[in-house]
Every structure is written in C-alpha cells, then in structure tokens.
Amino acid sequence: MNAYLTGRRYDVIKSIALFLTFVCIYFLTERYFRSTVNADFANSSLVWRSIHDNGFANTLKDWRPTPDSWYFSVYPVHFLLFWITQSDGPGVLTFATAVFSFLVAYGFFKIAEINSGVVPAILLTFSIAFMPEIMYTHGFIAHPFAHYSTNAYGVLALLIFSININKRSVWLSIISAAIMFIAISSDMWVAPSYLIPIILTEMLILLKNRKGFSHVTIYAIAFVVGYLHILPVALGIEKQSMLPVSLDGMLDNIEMLVKVLGQTLNIFLVQEQWAWYASILIWVIVICVVSVNAIKSRNQKSYIVIALLLSIAGILSSYILINNLFKIGSARYFVNIAPCALALCIIFATGLVRKISCIIALMFIVTSINSYSSGKINDHTKFDSLQRYISFLDSHDLSYGYGEFWHNSMEINWVSGGRIIIIPAAGNADHGINAVYARPQTLRHWYAKSFQEKSPKRQFIAFSTGYVCPDKEECMRKAKESYGTPDEVLNYEFITLFVYNHRLKFYR
C-alpha cells in the first residue's frame, strides 16, 4: 500500500512538473513569438490555404520551398492543428511551436527519469524550459520553422535509442530510425546532431557485443536515404548543399562559436565576455569529468553519454566546417548543445560532481531568467506594426501589391487572412524591382503573367531599405522610370508606397 501511494505521489509530482514545464515554455514562446515574427512565420499557413483553394497536388507544384522544406516534420503537425481549430493564425502556430519545445524537454525528462530518478528529471526539464533569451530569439526556439522543431525529433529518437540499448528490439530501432528519416528529409541539421551520433554509438555496441548489426544497418539506411534527399527530390524539392568553407572561414566560425556558446551556456548573470569564457570553461571541465567517469562504468549509461557527447561534437564540427553565416544568428545551429550539456551533467554525475552539476543547472536557470529582463520579451512592436500596416492599407483601399520579402509582405498575407496579397519582388539593376521569378517560400503562380493580368487594377509597390533595395531612393527612381509616375505616393514608417490605378507590367 505504501509503495502504491508512493508511486501515486510521484505520478502526481511528475504530472504537475510537466504541466508547469509546458506552461513556462508556452509563455516564453508566446512572448518571443510576437517579438521575433518575420516572413518565415507565414510558411505553413499560406501552403494550407493554397491546398484548401487549389488542392494538394497543385500546391505541391506551385509552392517553392527552401531546402529545409519542413514538409515532413513541421507541416503535418501544423496542418493537423489547422484542421482541428479551423484557424491558421498566430495562436495556433504559437501552440505548435511550444509543443515541439515541450517535446525536447519531455524527451530528456524521460531519459533522466529512467537513468537517474524523478528529481534530476524535473531539474533537467525546467533547465531546458528556461533557455536563455539568445536561444529564444537568435536561436529561434520561438520560431515555428527552425532547428528546434527538428531537435524534438532528434530527442525522441535518442530516447527510444537509450531505452533500446538493453532491450535490443529491432522494432524500436525501426521506429527511432523512422523518426530520424522524417526529420532528415525535412532538415539535414539532424544528421550531425543526432543521427550520426546514434549510428556511431550503435557501432560501438556492435564492436563490444559482437552482435547488433541489424540496428546499425537500420539507422544507416535512414541516413543514406535521407542524405541522398530521395524523398525531397521525388517531390521536386531543391537539394541542400553542404560545402566546406575556407580556412579563414573556419577560423571565423570558431570565434563566433565561442561567442555564441558563451552566451548560451552563461551561468554568471552578467552578459560580459569574461562570464561567457568562464562559463564555457566550467561546463567543459564538468562534462569531461562526468563523461570519463560514466564511460568507465561500461554500462547502458556509458552509451547514452557517448551519444550525447557525439551530438555536441557533431554539430560543433559541422558548424566549423560548413557554416557561412558569420553572425549571432548562428545560435540557431546550437539548439542541441545546452540540453545535451545539461543532460550529461544532471543525469550522469555522481557524488560531489552531481552537487556541483545541480548548482550549475540552478545558476543556468537564474541567468536565463535574468536575460529576459532585456525588454525583448515584452517588445511586440513588430507584431503590432503588422496590424497597423494592415489597417493603413485598408484605409487606402489597397489589397494587392509588391514588396520586400522580409519587410511586411508574407507576414501581411498571413495575418490578414489572405485578404491582402503582397508579392515578394526581386531587386533589379535596371528597373529597381521586378516580379517575374518565384523566390523560395512563395507561390509560383503569383509571378505568372496570366495571374498578374487578372490582378486588381489598384495596386502598389512598397519600397524599404533592405536586401531587395539596398539604396531605397535609387530603387524608387529606377522603378518610376520603368513603371511610370505613381498616381499616389504614401508613407508608412520606413516604407514608401507607389500606388498605381492600373495593373503593373513587369519585364520578362
């Protein structure tokens, strides 16, 4: 009876802890979702609307995805929620994004519970929920289309792998590999961060036990088929190229890596370089001590530790070798680092090192919460501006136009419910802008002459300084020469609109 009551008590504690974890994750996701919203957020909603209007087969041909297509990992979850709620707006996407983040925390919770107990599992779960602000913003945890959703697939596959180290069930390996295949077919990021580490760890198990070849084969098949992009290519999705950068580029990557990791793993409250470097040093020392001790034990836990270490090493080495994005946005590649580091320290430390690891985890949580005080968590200016811009366009009877992809175009199409269409235009040396070729994450038919000839007679071109128009004034001058003097010139914040009371004809 006492054992039963103890079991019931632990079940209640676990349920409350997991519920509070989701609540915290949802709150942070919702706050940062609105402060970081951009054109990418409109992705699945616009595809869903096109499927509703034009059918699945036509949409598959019409939509031009990025190599990270999200077709197989994120879209099914979003589409299910769109269908259930009959809505594809910000609220649904926020919830879906929070679900993926929660799955990361839940996966590590189960690994910790199985290998270390409920208390370490709860500490680990809250540590993962309260990731630092840099991960919610530049790391894109609050982004509906980013590597953190893939991270959820990787963690679930890792959980099944860890359970199967002793069970050695072929079916569990098939399920884990299938999860990996879904993820890698949508986002190659999962290969170095989870799939290859699991394959290498399975090979170590094979070498030690002289059996288990089928498990290695199953994961290897998932990797080869995924790496060759067989499923994406069959659907006409562009391949994801991965070419090494120059030696100078690798050195730049190492410098950026240290900076981003320092901010991600910071445990000293202040955002200073000394705190970042000291934090990295402490993490490295503790992880090394924990890992050496765990691997020496030569049991199930040893292989989980090896997989986690390879996960960290895999994404770091991949970043150094192939990354060409030399800016703070690189944080999005490291979304597995903090969860894996926390798991290593909290689950597998023993004795004095375990106490030190728990203190580090608590310092990590406190530092992360303190990072939210920057003000970004409450800065919803960008999202609120979308609403005001829609009202501005409505007040001037504007429902169709062209503009910069990253500046109030796709977001307006999404938030307005499709009532307003702003087609992303491309920069053009002769005409300022042009709209005849579909860029990734747009519908191809928008750029067809037949579609443009049937567009509303009142339309506009929205100019803003950015990727399409580095020199806004020069861009407007050339557009005026090519498309004629606008009937009206309107201004909204940093955007200038040329309004024409006739259909625009672009140069093909």
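Visitor: How do the residues lining the second largest pocket divide into nonpolar, polar and charged?

Guide: This is a predicted model. The second largest pocket holds about 270 Å³ of space. Its lining has 15 residues. They divide into 14 nonpolar, one polar and no charged.

Visitor: Which residues are closest to the centre of that second largest pocket?

Guide: Several helices build the lining. The elements that give two or more residues are α13, α14 (273-296), α15 (300-322) and α16 (337-348). Closest to the centre are Leu261, Val284, Ile287, Ile312 and Leu316.

Visitor: Is Thr264 buried or exposed?

Guide: Thr264 is found in helix α13, which spans residues 247-264. Its relative accessibility is 0%. Buried means under 20%. Thr264 therefore counts as buried.

Visitor: Which backbone oxygen does the side chain of Thr264 reach?

Guide: Start with the contacts. Leaving aside neighbours within four places in sequence, Thr264 touches Pro132, Ile134, Met135, Ala338 and Phe364. Its side chain also reaches a backbone oxygen at 2.8 Å. That oxygen belongs to Val260.

Visitor: Is Leu308 buried or exposed?

Guide: Leu308 has its place in helix α15. Its relative accessible area is 2%. The cut-off for buried is under 20%, so Leu308 is buried.

Visitor: How far apart in space are Leu308 and Asp248?

Guide: In sequence, Leu308 and Asp248 are 60 residues apart. The distance in space is taken from C-alpha to C-alpha. It comes to 29 Å.

Visitor: How many salt bridges does a search of the whole structure find?

Guide: Side chains of opposite charge can pair when their charged atoms come close. Some of these pairs join into a network, as with Asp11, Lys14, Lys110 and Glu113. Over the whole structure, the number of salt bridges found is 13.

Visitor: How many residues apart are Glu488 and Arg458?

Guide: Glu488 forms a salt bridge with Arg458, with the closest N and O atoms 2.9 Å apart. The pair links distant parts of the chain. Glu488 is in strand β8 (residues 488-492), while Arg458 is in the loop between α20 (449-452) and β7 (459-463). They are 30 residues apart.

Visitor: About how many helical turns separate Arg477 and Glu474?

Guide: The side chains of Arg477 and Glu474 meet in a salt bridge, 2.6 Å from N to O. Arg477 is partly exposed at 39%, and Glu474 is partly exposed at 29%. Because they are three residues apart in helix α21 (residues 472-483), they are separated by about one helical turn.

Visitor: Which lysine meets Glu474 in a salt bridge?

Guide: The N to O distance in this salt bridge is 3.8 Å. Both residues lie in helix α21, four residues apart, about one turn of the helix. The partner of Glu474 here is Lys478.

Visitor: About how much space lies in the largest cavity?

Guide: Rolling a probe the size of a water molecule over the atoms shows where empty space is left. A search of the whole structure finds five cavities of 30 Å³ or more. In the largest cavity lies about 50 Å³.

Visitor: Which element gives the most to the lining of the largest cavity?

Guide: Residues lining the largest cavity include Tyr402, Glu404, Ile461 and Phe463. The lining divides into eight nonpolar, two polar and one charged. Two elements give two or more residues, β2 (400-403) and β7. The one that gives the most, with three residues, is β7.

Notes. Residues are numbered from 1 along each chain as its sequence is written. This is a predicted model: local features need pLDDT of at least 70, side-chain atom pairs count only at pLDDT 80 or more; totals for chains, interfaces and linings use all residues. Side-chain values use heavy atoms; hydrogens and water are left out. Buried means under 20% relative accessible area, exposed over 50%, partly exposed in between (1.4 Å probe, protein chains only). A polar contact is a pair of N or O atoms within 3.5 Å; within protein, one must be able to donate a hydrogen and the other to accept it, and residues adjacent in sequence count only if both atoms are side-chain atoms. Contact means heavy atoms within 4.5 Å. A salt bridge is a side-chain nitrogen of Lys or Arg within 4 Å of a carboxyl oxygen of Asp or Glu. On a 1 Å grid over the protein atoms alone, a cavity is a set of points where a 1.4 Å probe fits but cannot get out, and a pocket is an open set with protein on both sides within 12 Å along at least five of seven lines; lining residues have an atom within 4 Å of a point. Grid points are joined across faces, edges and corners, and a volume is the space filled by probe spheres set on the points. Ala, Val, Leu, Ile, Met, Phe, Trp, Tyr, Cys and Pro count as nonpolar, Asp, Glu, Lys and Arg as charged, and the others, Gly among them, as polar.
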